[in-house]
Amino acid sequence: APAASAAAVAGARVSGAGANASVAVSVAAAAGFASSTPGRPGSVVWAAAPASSSGSGGSGGGGGSVNLVSAGHMSELARLEQIDWARFPYFNHHIKGLPDKMVKVDGRPCFAGCAPLPSPASSQAAAAVVHPAFQLAGPAAASYLTKRPPGSFSLVMPWCCEWVSFLLRSVDFKGLLKEIFLYDKCSHTGLGAKDAFHVKQDQDMHISDVKCLKPTRAAITRNPGRNKPSDVAKIDVHFIDLNEPGRSSCMSTDECGAYLAHMVKYYDLLTDGVFFVQPDPRHAPTGSMQTILDYAAARGVAPVAFFPLGSKQSAGGNPKGCLDTWAAQLFPDTPDVGATRRTGHYRNGIFYVSRLLVRQRPKGFWYHLFDAVNATEMCAPHHSRSCKPEAHRPHAPEAPPAPPKAGPVCGRPDLFKQKLPGATCVKSCNAMEHIWGHVLCQPCHNVPKDQDPRYPWNTAAVAKYGPKGKRRLAVETNRSLPGSPREGGVHAPSPPHMNTREVL
């Protein structure tokens, strides 16, 4: 397992029961950042100048650099580039509290700052130019694709006392799963780290170990299901200490802390595709995972996609407080990012993502987002009212852990108000549920997953809105797509299949 402590990775540690939380000022050393500016370990935006490469999917360029974009990826990118969003219907997610407004998908990232994915439509000379986001260089570059080639996958999970053997039993990974990462959030505190509702639910559904014993590799791989024992034997299992002093929504970063810690620490060691899931059957939809793996096994590459694994689609949800707080640091070119209209996210913070999409943002972006989330949650008792005593806690009735004093962390003017009570951002991991796709360079509006032509297994949508459907549906263009909402066009009613009042 990687040598990473809770203090190093999460930036927080409790020393003894009832002790005050000791919040680290920086996680940069453990995350592998080198910066001449303390506290700012890298830019949140990629430089504009691309780097050249002598080929795709292997070594190229100077000094043994590796191009992460293989020929299989280029084929997938070509298909995505040919989607005709101009013919895609307007739709309405009926956002509660807001007037109905027809919205349009255009395929562009919702939030600024993303490196452009390679464009297969460019000339051959331009296609040989690869953005530095998708290249690796250094001593480990030569062996990178040997361990994590196109079509390789990993599982990243926060762990809080759950039984986790169901994953291998339920999913045929087809020999593509290379690594499992379990971020231990609760072994120091036990099941009481969860709120009372989830403790009871876990016990009723028998999905957690009341003793909260850390799982072993043998326990995780005991029942391989349809996976070949020889494939299971090759899976590397990593246990990473991410214990935190608090509990859900109070001095705990929940699942998003584990996800962001992984993106920071393993930014240059990601597999081609990554499943970010929670280790219980409610939050690990194995059917969706199987669909993605079947496609990858047939094509030889992980889909270049962000695919929400949850089944519950929400109309809107605007974590404006957190976005406005983070905007100056994360989105310097979009100061009003909190006012951006976004619709149709999927709940529960579980998703699949291609490493190419993670790398559309530089490592510095993920560091700063992790830093903001960590500080916000660790300082929750000091700045918000979300921390309350709970009788079910091990030392009931127990008040929340004492917060750090307003100082280097909880007194930061970039994250917390100084003259008014309360923080501008509370429950930042709840906010992340609404915007995971957007920070991963996805469009502002999400259509129902089974109607989205970006996903190649949606064959009907791909045929209708891809290049093969252009001539057949050209006559529908003027009739179904009146004018842009921003231009004040008069809109035709949304087609029944695009009305998402009922969650699909």
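This is a predicted model: local features need pLDDT of at least 70, side-chain atom pairs count only at pLDDT 80 or more; totals for chains, interfaces and linings use all residues.

Q: Okay, how many helices and strands are in the protein chain?
A: The protein chain has 19 helices and 13 strands.

Q: And what share of the residues is buried?
A: Of the 504 residues in the protein chain, 53% are buried.

Q: What about contacts, how many join residues at least 24 apart?
A: That's 81%, counting contacts between residues at least 6 apart in sequence.

Q: Let's switch to H10. Where does it sit, and how many residues does it have?
A: H10 covers residues 254-265, which is 12 residues. From first C-alpha to last it reaches 18 Å, close to the 16 Å expected at 1.5 Å a residue.

Q: Why call H10 largely enclosed?
A: Because 11 of its 12 residues are buried, H10 is largely enclosed by the rest of the structure.

Q: Which ones are buried in H10?
A: Asp254, Glu255, Cys256, Gly257, Ala258, Tyr259, Leu260, Ala261, His262, Met263 and Val264.

Q: Now H3, which residues are buried there?
A: H3 spans residues 71-81, and its buried residues are His73, Met74, Glu76, Leu77, Arg79 and Leu80.

Q: What do those buried residues of H3 pack against?
A: Three helices: H11 (286-299), H13 (355-358) and H17 (459-465).

Q: New topic: H14 and H16. At roughly what angle do their axes cross?
A: The axes of H14 (residues 363-378) and H16 (residues 428-439) cross at roughly 165 degrees and come within 11 Å. The angle is over 145 degrees, so H14 is roughly antiparallel to H16.

Q: Is that crossing left-handed or right-handed?
A: H14 passes H16 in a right-handed crossing.

Q: Which residues make the contact?
A: On H14 they are Phe365, Trp366, Leu369, Val373, Thr376 and Glu377. H16 brings in Ser428, Cys429, Met432, Trp436 and Val439.

Q: And by class, what's the contact of H14 with H16 made of?
A: There are 8 nonpolar, 2 polar and 1 charged residues in that contact.

Q: Last one: where is Ser208 found?
A: Ser208 is in the loop between H7 (196-205) and H8 (217-221).

Q: Buried or exposed?
A: Ser208 has a relative accessible area of 10%. The cut-off for buried is under 20%, so Ser208 is buried.

Q: What does Ser208 touch?
A: Leaving out residues up to four places away in sequence, Ser208 touches Cys160, Cys161, Glu162, Trp163, Leu191, Lys194 and Asp202.

Technical notes. Residues are numbered from 1 along each chain as its sequence is written. Side-chain values use heavy atoms; hydrogens and water are left out. Helices (H or I, at least four residues) and strands (E, at least two) are DSSP runs, numbered from the N terminus. The expected span of a helix is 1.5 Å times one less than its number of residues. Buried means under 20% relative accessible area, exposed over 50%, partly exposed in between (1.4 Å probe, protein chains only). Axes are lines fitted to C-alpha atoms, for helices over the stretch in contact, and angles run from 0 to 180 degrees between N-to-C directions. Angles under 35 degrees count as roughly parallel, over 145 as roughly antiparallel, 65 to 115 as roughly perpendicular and the rest as oblique. A crossing is left-handed if the near helix is turned anticlockwise from the far one by less than a right angle, and right-handed if clockwise. Contact means heavy atoms within 4.5 Å. Ala, Val, Leu, Ile, Met, Phe, Trp, Tyr, Cys and Pro count as nonpolar, Asp, Glu, Lys and Arg as charged, and the others, Gly among them, as polar.
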